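The sequence and structure are shown first, and the description follows.

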Amino acid sequence: MATFNTKKEMIEKVAEKRSISKIKAKEIVEDVLGVMEELIMDETKDGLDVYGFFRAEVKEVPASERRNPSTGETFTKEAHCTIKMKPSSRIKKAIA
């Protein structure tokens with residue numbers, strides 16, 4: 001079973017790496033994540049590119065016909081937006 005890193009663990013790592021309190025580290029992590037969220041959702045741009053780490057793009061998904069496998073009933077899924085994340089080649093190599 002997979003285990004995931006959490007924001008709490010990120011805060012602890014930042015506090016340890018910078019030798020600062022967890023409260024200060026929490027403020028920093030939340031600020032960075034908040035800015036990233038704003039930049040990804042900026043309607044005048046196509047997403048966020050953090051060079052050497054990842055690219056996040058907002059993609060429009062067109063409406064489509066879907067089927068409920070339990071009932072066999074078909075329905076139309078409305079058009080919507082989603083976020084696609086693409087890791088940098090450095091990250092790809094690190095996890096390969």
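In this predicted model, Glu57 has a relative accessibility of 26% and is therefore classed as partly exposed. Its side chain meets that of Lys59 in a salt bridge, with an N to O distance of 3.5 Å. Lys59 is likewise partly exposed, because its relative accessibility is 37% and that class lies between the limits of 20% and 50%.

**Salt bridges**

The structure holds five salt bridges, among them the pair of Lys59 and Glu57. Side chains of opposite charge can pair when their charged atoms come close.

| Pair | N to O distance |
|---|---|
| Lys7 and Glu30 | 3.4 Å |
| Lys22 and Glu12 | 3.9 Å |
| Lys59 and Glu57 | 3.5 Å |

Two of these pairs involve helices H1 and H2. Lys7 and Glu30 form a salt bridge in which the closest N and O atoms are 3.4 Å apart. Lys7 belongs to helix H1 (residues 7–18) and Glu30 to helix H2 (residues 22–41), so this contact ties together parts that are 23 residues apart in sequence. Lys7 has a relative accessible area of 40% and is partly exposed; Glu30, at 34% relative accessibility, also counts as partly exposed.

The side chains of Lys22 and Glu12 meet in another salt bridge, at 3.9 Å from N to O. This pair links distant parts of the chain, with Lys22 in helix H2 and Glu12 in helix H1, 10 residues apart. Lys22 is exposed, having a relative accessible area of 51%, and the limit for that class is over 50%. Glu12 has a relative accessible area of 32%, which means that it is partly exposed.

**Nonpolar surface patch**

Which residues form a nonpolar patch on the surface? The patch consists of Met41, Val58, Ile83 and Met85, which together have about 360 Å² of accessible area. Of these residues, Met85 is placed in strand E5, which spans residues 80–87.

**Helix H3**

Helix H3 comprises residues 89–95 and includes Ala94. Is Ala94 buried or exposed? Its relative accessibility is 64%, so Ala94 counts as exposed. The C-alpha atom of Ala94 is separated by 34 Å from that of Pro62, and the two residues are 32 residues apart along the chain.

Technical notes. Residues are numbered from 1 along each chain as its sequence is written. This is a predicted model: local features need pLDDT of at least 70, side-chain atom pairs count only at pLDDT 80 or more; totals for chains, interfaces and linings use all residues. Side-chain values use heavy atoms; hydrogens and water are left out. Patches are made of residues with over 30% relative accessible area and no salt bridge: like charges are joined within 9 Å, nonpolar side chains (Val, Leu, Ile, Met, Phe, Trp, Tyr) within 5 Å. Accessible areas come from the Shrake-Rupley method with a 1.4 Å probe; for residues, only the protein chains shown count as cover. A salt bridge is a side-chain nitrogen of Lys or Arg within 4 Å of a carboxyl oxygen of Asp or Glu. Helices (H or I, at least four residues) and strands (E, at least two) are DSSP runs, numbered from the N terminus. Buried means under 20% relative accessible area, exposed over 50%, partly exposed in between (1.4 Å probe, protein chains only).
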